[in-house]
Amino acid sequence: MSPTRTAIVTGGAHGIGAGIARRFAADGLAVAIVDINAERAAATAESITADGGTAIALPTDIGDAQATTDAVNTAAERLGGVGVLVNNAGYARDADLPDMTTAQWDEVINIHLNAAFHTVKAAHPYMREAGWGRIINISSISALGTPGRVNYSAAKAGLLGYTKSLALELAPEGITANAIAPGFIVSDMTAATAKRLGRDFDEHQRIAADSIPVGRVGRPEDIAHAAAFFAAEAAGFITGQVVYVSGGVHG
């Protein structure tokens, strides 16, 4: 089947999500940017359009199941189906186990794992009808365990099992499911971690780079390259895989 040249990127207004959205647009996909920050989503969509691409902004709280489903359906209606879905949106609510609240646990599980269930549920009928689809879940090296982040690590590990199960179930329909596990990427999240640790962000990046075999921290574009590969028509024989884009750490 021919690929449907549309993509949805959750958390696509900035950081890794914006990097993926821009790369997809450059590759000729029409992109729906689903993000809770309406202003930043609009700005990213406008910048893509200014560069000659096609993008729309859909301000959405993906912690809300119905709002998430509505956003996927709106993207399909406005762009002509759903060919590629990237579950990228997320945030950290870090705390050591004795101090972690039930709310911190539930919020992170909901935004990373539950939302990915709802987006795929909504996008699946469009992919099934087309006989073609690409699901890309953004996990993390934290899926392998990180102190002070039991909620985040559990959610990201859950995405890996979810991805592998989707791959087996949906393969007969021409739909692949793969995961990307980033390492240290320059983003709002890593800047927030630096602040929590009382570090200047530049210093935080230097410390991280010293522990990364390739000798530098990652950029959103590094994740976008991997996402573009999984989204390609030529990647149709690759499913259920996890790629660690981490400069050699855990990978």
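**Ground rules.** I'm working with a predicted model, where local features need pLDDT of at least 70, side-chain atom pairs count only at pLDDT 80 or more, and totals for chains, interfaces and linings use all residues. Residues are numbered from 1 along each chain as its sequence is written, and side-chain values use heavy atoms, with hydrogens and water left out.

**Record check.** I looked up UniProt, where an unreviewed entry lists "domain: Ketoreductase" for residues 5-183. Its positions are given in the numbering used here, feature names are shortened, and the annotations may be inferred rather than shown by experiment. Over residues 5-183 I get 50% helix and 20% strand, with the end C-alpha atoms 29 Å apart. Helices (H or I, at least four residues) and strands (E, at least two) are DSSP runs, numbered from the N terminus.

**α4 and α5.** Two packed helices are described by the angle between their axes and the distance between the axes. Here axes are lines fitted to C-alpha atoms, for helices over the stretch in contact, and angles run from 0 to 180 degrees between N-to-C directions. How do the axes of α4 and α5 cross? For α4 (residues 102-130) and α5 (residues 150-170) they come within 8 Å and cross at roughly 20°. That makes α4 roughly parallel to α5 (angles under 35 degrees count as roughly parallel, over 145 as roughly antiparallel, 65 to 115 as roughly perpendicular and the rest as oblique). The α4/α5 crossing is right-handed, meaning the near helix is turned clockwise from the far one by less than a right angle. On the α4 side the contact (heavy atoms within 4.5 Å) includes W105, I109 and F117; on the α5 side, Y152, K156 and Y162 are among them. By class I note 15 nonpolar, 5 polar and 1 charged. Ala, Val, Leu, Ile, Met, Phe, Trp, Tyr, Cys and Pro count as nonpolar, Asp, Glu, Lys and Arg as charged, and the others, Gly among them, as polar.

**α3 and α4.** Helix α3 (residues 65-79) packs against α4 at about 35°, axes 9 Å apart. I logged this crossing as right-handed. From α3, A65, T68, T69, V72, N73 and A76 make the contact, and from α4, A115, H118, T119, A122, A123 and Y126.

**α1 and α8.** Helix α1 (residues 15-26) meets α8 at about 50°, with the axes 8 Å apart. The two are therefore oblique to each other, and their crossing is right-handed. R23 and F24 of α1 are among the contact residues, as are P220 and H225 of α8. I count the classes as 9 nonpolar, 3 polar and 1 charged.

**N178.** Is N178 buried or exposed? N178, in strand β6 (residues 175-182), is buried, with a relative accessible area of 0% (buried is under 20%, exposed over 50%, partly exposed in between, with a 1.4 Å probe and protein chains only). Not counting residues up to four places away in sequence, N178 touches I135, I136, N137, T163, F230, I238, T239, G240 and Q241. N178 and A231 are 53 residues apart in sequence and 9.5 Å apart in space, C-alpha to C-alpha.

**Q241.** Q241 is partly exposed, at 40% relative accessible area. Under the contact rule that skips residues up to four places away in sequence, Q241 touches A177, N178 and A179.
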